[in-house]
Amino acid sequence: MAVTLTAICPLVLLVVLWIKRTKDRHEMEQHSITPEGLHSLLASNQDVLVFDIRQPLDFLADSDIIPGALRLSPKEVVENPSLIPKEKDAVVYCTCPSDKTRRAILHGALAMGFLRVKFLEGGLEGWKARGYPVEPYQEPFHLDTGT
């Protein structure tokens, strides 16, 4: 009996992990857009808002921005979610180094009621890697030092 339980428990755990991973992957796909997809939307003058939500230090290191994108720090979005209209399609990008980071940001966005939000696959680097236009950000921004 104990041997059977010892064999079944890891199998059940693997099935549960596989289901969670499949659900997470589907959720990420549903709320992602490729650089090509965003470029097509912008070129066809679709009514979509683009937000650069990189951390201030990341932004300081690379101040290029997608033309037409609005700059918001993640802290601003958390403190005032109404900065991103929930009734409009929005694409956000950052310097998300992994799916884990993007997934955490997505879960936060969905918890705040952002159902029409998509994340740019590959972030700004993915956009630039395909040769799409960027422009230097000219507006002043606050470098949050935690004080």
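Reader: What is the strand order in the open sheet?
Author: The five strands run β1-β6-β5-β2-β4, with parallel pairing. Strands here are DSSP runs of E, at least two residues long, and helices are runs of H or I of at least four, numbered from the N terminus. Two strands pair if DSSP finds at least two bridges between them. This is a predicted model, where local features need pLDDT of at least 70, side-chain atom pairs count only at pLDDT 80 or more, and totals for chains, interfaces and linings use all residues. Residues are numbered from 1 along each chain as its sequence is written, and side-chain values use heavy atoms, leaving out hydrogens and water.

Reader: And how many bridges between β2 and β5?
Author: Five, in the parallel sense, between residues 48-52 and residues 89-93. L49 has A90 of β5 as its bridge partner.

Reader: New topic. Which residue meets D52 in a salt bridge at 2.7 Å?
Author: R54. A salt bridge puts a side-chain nitrogen of Lys or Arg within 4 Å of a carboxyl oxygen of Asp or Glu.

Reader: Is D52 buried or exposed?
Author: Buried, at 0% relative accessible area; buried means under 20%, exposed over 50%, partly exposed in between (1.4 Å probe, protein chains only). R54 is buried too, at 1%.

Reader: What about R71 and D52, how far apart are the closest N and O atoms?
Author: 3.9 Å, in another salt bridge. R71 is in strand β4 and D52 in strand β2, so the pair ties together parts 19 residues apart in sequence.

Reader: Where are D64 and K128?
Author: D64 is in strand β3 and K128 in helix α6, 64 residues apart. Their side chains form a salt bridge at 3.2 Å, N to O.
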